[in-house]
Amino acid sequence: MTVRVKAVETAAEREATRAVRRRVFIDEQRVPAELEYDEHDEAADHVVAFDDGGACVGTGRLVVQAPGVGRVGRMAVDARCRGQGVGAKLLEALEAIARARGLREIVLHAQAHAAPFYDKAGYLPEGERYEEAGIPHVTMRKRL
């Protein structure tokens, strides 16, 4: 499968990212909608992945958390596309945006089962595991 990843630029692309987040987090993982969409969505940089047919199959966002520090989050890939490199392409695009913004590091809250994915991309765990929205997580960080 060929995937095209790009920065979200239009209202239609923004809605496509919300739809994939809804499928992955709210429908599949049972995260309450009021926790999924937050005050950071409007100001965040979002990326979107489209498959060969033009369907949105993944998304992620970058929020400037503190001077020089970005936070990657809301990484979501449709179940049918997992394990095919979509997440890696989304993460690469978010890191490129972070570098362009002059950020020095990225922090993220990885779902525990996804920690090996982020580890492979150079993120290091810090601290103990904890729960967010009833799902085990670990904080991970990468210097850019």
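This is a predicted model: local features need pLDDT of at least 70, side-chain atom pairs count only at pLDDT 80 or more; totals for chains, interfaces and linings use all residues.

Visitor: How many helices and strands does the protein chain have?

Guide: The protein chain has four helices and seven strands.

Visitor: And in what order do the elements run from the N terminus?

Guide: They go β-α-α-β-β-β-α-β-α-β-β.

Visitor: What about the radius of gyration?

Guide: The protein chain comes out at 14 Å. A compact globule with 144 residues would be near 15 Å, so the value agrees with that. Along the principal axes, the C-alpha atoms fill a box of roughly 40 × 35 × 30 Å.

Visitor: What share of the residues count as buried?

Guide: Of the 144 residues, 48% do.

Visitor: Which contacts join residues at least 24 apart?

Guide: I can give you the share: 59% of the contacts between residues at least 6 apart in sequence.

Visitor: Switching to the surface. How much of it belongs to carbon and sulfur atoms?

Guide: 52%, out of an accessible surface of about 7600 Å².

Visitor: And how many positive and negative side chains are there?

Guide: There are 22 positive and 23 negative ones. The centres of the two sets lie 3 Å apart.

Visitor: Now backbone angles. Which residues other than glycine have a positive phi? Start with arginine 30.

Guide: Arginine 30 has a phi near 65°. Most residues other than glycine have a negative phi. Alanine 133 is another case, with phi near 55°.

Visitor: Where is arginine 30 found?

Guide: In the loop that links α1 (11-28) to α2 (33-36).

Visitor: Is arginine 30 buried or exposed, and why?

Guide: Arginine 30 counts as exposed because its relative accessibility is 64%, and the cut-off for exposed is over 50%.

Visitor: Where does alanine 133 sit?

Guide: Alanine 133 is also in a loop, between β6 (124-132) and β7 (135-143). Its relative accessibility is 34%, so alanine 133 counts as partly exposed.

Visitor: One more. Where is the place of alanine 88?

Guide: Alanine 88 belongs to helix α3, which covers residues 86-100. At 30% relative accessibility, alanine 88 counts as partly exposed.

Visitor: What separates the C-alpha atoms of alanine 88 and tyrosine 118?

Guide: A distance of 8.8 Å, although the two residues are 30 residues apart along the chain.

Notes: Residues are numbered from 1 along each chain as its sequence is written. Side-chain values use heavy atoms; hydrogens and water are left out. Helices (H or I, at least four residues) and strands (E, at least two) are DSSP runs, numbered from the N terminus. Buried means under 20% relative accessible area, exposed over 50%, partly exposed in between (1.4 Å probe, protein chains only). The radius of gyration is taken over C-alpha atoms; the globule rule is 2.2 Å times the number of residues to the power 0.38. Contact means heavy atoms within 4.5 Å. Accessible areas come from the Shrake-Rupley method with a 1.4 Å probe; for residues, only the protein chains shown count as cover. Lys and Arg count as positive and Asp and Glu as negative; His and the chain ends are not counted. The place of a charge is taken as NZ of Lys, CZ of Arg, CG of Asp or CD of Glu.
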